[in-house]
Amino acid sequence: MAYTVFHDFSVHPCPRVVRIEPSSLCNLRCIHCPTGSNQDIKRGNMLDCVFDKIIEEINAYNAVDVVVLYHGGEPFLNKNIFKMINMLRSMGIRFIKIVTNGVLIKDETLLMIIKSGLNNIEFSLDGLSPEENNQIRKRGNYYQVASTIKKLLSMKTDLRAITPDIYIVNTQIPTEADIKKRVKISTPKYILNDFSNFKGKIGFKNTYMLKWPGFDCFDKYKLVEGLMDKKFTTLQLLQSCCSNYYYQVERRCCSLLLRYHQ
Ligand SMILES: C[S@@+](CC[C@H](N)C(=O)[O-])C[C@H]1O[C@@H](n2cnc3c(N)ncnc32)[C@H](O)[C@@H]1O
Ligand code: SF4
């Protein structure tokens, strides 16, 4: 019998995007982040056996094509991070991404990043000036991280490496006026100027700070509450999944994540 399919309502047997938390520990104390502001969060590095279990599940379903290596903490605090990337790479995951504060990345780590097969690395640098970055990213230092990014960019060029794509992700505190006038966010001049020699070799992403549910320890600035009310389709929710470092599945963040990574 002939029939017409108007919509494809099929759903993957397993989320297409999996987010894994190598560590929920952090070396910084960012004022906008639940991890940095000492919220009551379980802390630790993901154990090998937990990572192996996740890998086993990903392999069994054979439907995952994006793995994002961060959630609450700093992924480079897990000493097995390159082993994790290597394993994901050898499984044939199409897109592997990491987001880092960049502080722990030493010169000797740069080559490992380039050779690792990571598709994308994002460095978080916040606010509208180096000074504001350091006020938001407490214990962090704009110039130290910017210097590391520049070294990575130069090394990637020298080696003619194709990956990873390198981004700066900048989170800004909106003013009342920004919110009222719905000002479109843009990359701050201090970052564009500092990286003007690397045009076309680095990308920039910007976002206003979100007010996480239950987050009440930071009231100096008004964070954007409304952004948390974005609507997601059921399919989007079903296509993403997040495991924290002790194998507890979290969903909400992943739905936000899909907006950025699909
Ligand atoms: C939670 S951190 C984990 C990775 C790493 N430690 C880092 O700072 O990049 C990932 C990203 O979440 C962002 N983030 C944390 N709290 C936020 C908030 N309230 N609103 C928007 N972005 C936030 C950080 O600025 C960072 O870019
Ligand atoms: S470095 Fe990342 S995880 Fe750590 S406190 Fe800052 S935003 Fe949170």
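Which is Y61, buried or exposed? Y61 is exposed, since 12 other C-beta atoms lie within 10 Å of its own. For burial, C-beta atoms are placed from the backbone and the others within 10 Å are counted: 20 or more make a residue buried, 12 or fewer exposed, and anything in between partly exposed.

A word on the model before the views. This is a predicted model, in which local features need pLDDT of at least 70 and side-chain atom pairs count only at pLDDT 80 or more, while totals for chains, interfaces and linings use all residues. Residues are numbered from 1 along each chain as its sequence is written, with chains lettered from A and ligands numbered from 1 in the order in which they are written.

**View 1. The whole chain, to get your bearings.** The chain has 9 helices and 8 strands (DSSP runs numbered from the N terminus: H or I of at least four residues for helices, E of at least two for strands). Of its 262 residues, 32% count as buried. Among the contacts between residues at least 6 apart in sequence, 69% join residues at least 24 apart; a contact here means C-beta atoms, placed from the backbone, within 7 Å. The average pLDDT, the predictor's confidence in each residue from 0 to 100, is 84 for the chain, and 79% of the residues score at least 70. Please read residues 252–262 with care: pLDDT stays under 50 there, and the model has 24 contacts beyond four places in sequence for this stretch.

View 2. Y61 belongs to helix α1, residues 48–61.

View 3. Strand β2 (residues 66–69) runs parallel to strand β3 (residues 95–100), and 4 bridges join them; strands count as paired when DSSP finds at least two bridges between them. One pair to find is L69 with its partner I98 in β3. On to the next pairing: β3 and strand β4 (residues 120–124) are also parallel, over 4 bridges. Here K97 has N120 of β4 as its bridge partner, and T100 has F123.

View 4. Helix α2 (residues 81–90) forms a right-handed β-α-β unit with β2 and β3. Right-handed means that, with the strands pointing away from the viewer, the path from the first strand over the helix to the second runs clockwise.

**View 5. Strand β4 and its pairing with β5.** Strand β4 is mostly covered, with 4 of its 5 residues buried. It pairs with β5 in the parallel sense over 5 bridges. In this pairing, I121 stands opposite I166 of β5.

**View 6. The residues around ligand 1.** There are 18 residues around this ligand, the closest being H32, C33, N101, S124 and L210; a residue is included if its C-beta atom, placed from the backbone, lies within 6 Å of the ligand. The elements that give two or more residues to this shell are β3 and β5 (165–172). By type, the shell holds 8 nonpolar, 8 polar and 2 charged residues.

**View 7. The residues around ligand 2.** Cysteines to find in this shell include C26, C30 and C33. Other members include the glycines G36, G72 and G73, along with E74, N101 and R137. The shell divides into 4 nonpolar, 5 polar and 2 charged residues.

**View 8. Loops on either side of α5.** Between α4 (130–136) and α5 lies a loop that contains R139. This residue has a positive phi of about 80 degrees, although it is not a glycine, and R139 is partly exposed, with 13 other C-beta atoms within 10 Å. The loop between α5 and β5 contains R160, another residue that is not a glycine but has a positive phi, here about 50 degrees. R160 is exposed, with 6 other C-beta atoms within 10 Å. P164 also sits in the loop between α5 (142–158) and β5. A cis peptide bond joins T163 to P164, with omega about 0 degrees.

Notes: Nonpolar A, V, L, I, M, F, W, Y, C, P; charged D, E, K, R; others polar. Contact = placed C-beta atoms within 7 Å.
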